Structures are given as C-alpha cells and as structure tokens.
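My entries follow the structure.

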Amino acid sequence: MCRDSVCDAESRRRHGCETKTSSGEAAWQEEELSTAALPDKRLARRLRRLLDQMSAAPGKPIPAACGDWAAAKAAYRFFDNPRVTEHGVLAGHFAATAARVAASEGPILILQDTTEFIYSRAQPGKIGFTKTINAGRYKAGQPNVLTLCGVLMHSSLAVTLTGTPLGLTAVKFWTRTKFKGTLALKRHINPTRVPIETKESYRWLENLRQSIALVGAPERCVHVGDRESDIYELYCTAQDLGTSFLVRVQTNRLAERPADAGPHDPANRVFTQLAAAPWAGRHRITIDQDETTWLRVKFAAINTLPPVGKQKRYSPQVLTYIHALEEDPPAGREPIDWKLVTNLPVEDLSVAVEKLGWYALRWKAEVFHKVMKSGCRAEEARLETAERLAKFLALIAVVSWRIFFVTMSARAKPDAAPDSVLTFAEITALDQIDASRTRPRLQRPTLAAYLLQIAMLGGYLARKQDPPPGNMVVWRGMTRLHDIAFGISIGSSRRCG
C-alpha cells in the first residue's frame, strides 16, 4: 500500500509507483553509459557510480561529490588508470547522441567550438601550456607576461533547429608541451603553405569526419563554426563527405577573376564581389528582451579559389556568401556585421535569413562550455596531470550536457510530459515538495511546469517580466533537488508494494 503523500503526489500519473522500479531513477545515466568503451565490467561500474555522484552534486569537488575517502580514492584511481581514456568514457554518450539524432526530424546543426580550461599548478609542465597573456607591468616597469597551463577542448555539439542539444558527436582534448608564439612564427612561415595535417586547426576536420561517421546521415548535418573554422580544407572535406557547412568568414579569399579584371584587381577577391551584389532586403531581429534592430541582408554565389600554395591539391568551389549588416546600431555598441559562407543553396531572402538564424544557434556551444566552467566548475579540479584532467572533463561534459538538455527541452517542448526528460526520482521529489505546500503550484503535469519548480529551487523568482529559467538556476535547482530526493529516499520507512 502506498503512503498517502506518495499517492497524492503520483495521482497525476495514475499511480506510476506500481509500474516504475528503482532502476528507472537513473535511466538517463544508463542510456549515456550502456555502450561505454571500457576494458572490463569493474571500470564500467565505477564509471556508472561516478556519473551518479557527479550528476547529483554538479560543481562540487570530487571528495564532496563522492561522500567519503574510500569513494574519492576509487575515483582518483579511475582517472589515473591508463586503460581508461576520455573517448572510452564518452563512447556511451556518443552512441546515445546518435540515437537521439536518428529519432529527431529535420536538419541537425553540428556546432563546433574550442575552449580552454585553465589551472594553477606548482608544476605546470605536468599539464601543459595553453597560451601566454599580458598581465600588466611590475612596479619597476617590466612587463609581466604569464604562461598559463591547462587543457584545450574542441567539441562538436548536435542541436535541433529549436535549440535542443542532443549531445556531443566528437570531442578532442589536447595540451601543448611547449607554447610557441604563432605571431612570431608567421614572420618566417606562410601558414597557408603549411599542410593542414600538421596544424592544430586540423581538429576541425577531424571532428567533422567523426561526427559524420557517428551520425551516419551527412545530408542532414550542417556543420556550424566561427571565424576560426574558415578553412578551405574544411570546405573540401565537407564536399567529399556529402555534408553541409555554415561558417563565419574571416579570410578575403581569391575569387574567379572577371574577364576584364587585371591580375591585381580587387575584383579578384570574395569581399569585393560580395560588396558589388545588391541588397536583397531587410530583416528585423530581437537582440535583448526589449531591444530590436534591422539588418540589411544580401547574398551571392561566388566561385572561390583555394590559397595559392594549395591550388594543385584543391579545386575551386562555388560557395554562397551571406552578408548581414545592422542599419542603425545604438551608440556604444559595435554594429552587427556578419559574413557567412555555406555550400547550401540560397535562392531568396527568406532562405538567407533562415541561415542567419542557424548561425545564431552557434552560441549554444558557448553556453555548453559555460555550464562546464561556471556550473560544474571544471576549472576547480585538483587533478595534477593532463591525462587525468581529460578523463575528468569527459565525465563532466556529460553532466553539463544533461543540465543544458533539461533546460532547453522545456523551452522547445513546454507541453511535453515531464518523464520525457526528468527521472522518476526527480518527478516524485518535485511532487512531494508541491504536495507539502498550502497552495500547490503544479497545476499541469508538463515539462515546463516541472522545470519551473526546479529553477525556483535554484533561486528563480518566476516574475512575469523575468526571462525563461537559465542553465545556472537550473543547475542550482538540480543540486538542491537531488539532495531533497536523497533525503526522501533514506527517510521513507515504508515503500510501495
């Protein structure tokens, strides 16, 4: 017989306690780890346990998340085990991402972005260097140049056109054993003549190939990247694989020369030919909650040539360039000025505007990395080698994705059933919290209503003028919710059955 409070809480789901089991409380962890590529079952069980602990206490140090010294020591041994790799940790998540992509409809945006995790160590050589920064000057006037140590992460995040993150499709971690100033190197070597396979930028091509191999539907994928991904080799790779890309332009590339142009005519460049194209129309966008602005939009198909030093290896491509320029930017803010390039067809203004909206979703990759750093506090880990940190970051990436997924799913499908995203234990805890109030707030059993309650546990005020709950309040709310759910589980003396 169910306790009265539990029955009241579960009446919306018609006594789901009779059909649910305790194994459903962590269904999402099972989905993300069912095909983890670890060498034996003991390591797989430890990974499952670590994901439970880290997801129940996101942002807390490893000892606090594990709860005692024995569990913390087991976690340290797991991260130190040479048979465990970051790709082995993420293999199950990759497979789950592929399943979610297959179950979704329409184009899938693969957002590529790079971020750095900076650490302070007495022996930075054990981790590796990321970059040098100018930290001002000492009192005597000498420049204070600091060399930072840390791990770099290049991730590919699959999202739907509504902004729902389906998961990671490829991740690359690396460190630099010795930092070399790229600006000084460019004085002696033309970077366009260096093979792409010897550069760090080769990661863009690697992630593209790995994502296509995982998803298996290149015609559905659109690979979106910022100006760092403006690489001609990436365009050729996408063409060879039969997939699409949408990239912000950085380089004024060579273009097919008009018949009447001289060898040094500026018309031989992409930007000149794009500037000569007429404006196709105007489009109004919303920047903040109360700020809107107008963009002038144009597009042109231009026969683009590879760099001079690589014209024997790569062939020209007809690419479509889209230019969006803000008409009247407010004082104190740089105008919106986007130049994008794609191999997708753009026939009219509406299609060009659609592609601008797709590129705007690239910010989701930045938000995902922010959740890892600010929410899960990945840069506060005390592990002392790059190998251990890479495995830890791979695990934290799954925890961060889940927080991000819950938040954005409620925005994309607010009327969906809560059990489509939340676990049985989370829903039960929220029901019992609501049942204890004098005036219950869960009037409708929808995902948006349940996410609102999670956000309010994290400090969200839910005023009429407030924007939708963000990842940070959801992260804080999930932390409190897991503590409450744990208290409910150990405080129950009688169970269903």
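I count a salt bridge where a side-chain nitrogen of Lys or Arg lies within 4 Å of a carboxyl oxygen of Asp or Glu. On that basis I found D113, D226, R362 and E366 linked in a network of salt bridges. I note that the model is predicted.

I looked up the pair R362 and E366, whose closest N and O atoms are 3.2 Å apart. R362 counts as buried at 9% relative accessibility, while E366 is partly exposed at 26%.

Entry on other salt bridges. I found 23 salt bridges in the structure. One of them joins R83 and D40, at 2.6 Å from N to O. The pair links distant parts of the chain, 43 residues apart: R83 sits in the loop between helix 5 and helix 6, and D40 in the loop between helix 2 and helix 3. I read 45% relative accessible area for R83, which is partly exposed, and 18% for D40, which is buried. I also checked K355 with E354, where the closest N and O atoms are 2.8 Å apart. K355 is buried at 4%; E354 is partly exposed at 38%.

Entry on helix packing. How are helix 12 and helix 13 oriented to each other? I found an angle of about 120 degrees, with the axes 9 Å apart. The helices are therefore oblique to each other, and their crossing is right-handed. The contact includes V367 and F368 of helix 12 and W401 and F404 of helix 13. I noted 11 nonpolar residues, one polar and one charged in this contact.

Conventions:
Residues numbered from 1 in each chain as written. Predicted model: local features only at pLDDT ≥ 70, side-chain atom pairs only at ≥ 80, totals over all residues. Heavy atoms only, no water. Axes fitted to C-alpha atoms, helices over the stretch in contact; angles between N-to-C directions. Helix = DSSP H or I, 4+ residues; strand = E, 2+ residues; numbered from the N terminus. Parallel < 35°, antiparallel > 145°, perpendicular 65-115°, else oblique. Left-handed = near helix turned anticlockwise from the far one by under 90°. Contact = heavy atoms within 4.5 Å. Nonpolar A, V, L, I, M, F, W, Y, C, P; charged D, E, K, R; others polar. Buried < 20%, exposed > 50% of the residue type's maximum accessible area, 1.4 Å probe, protein only.
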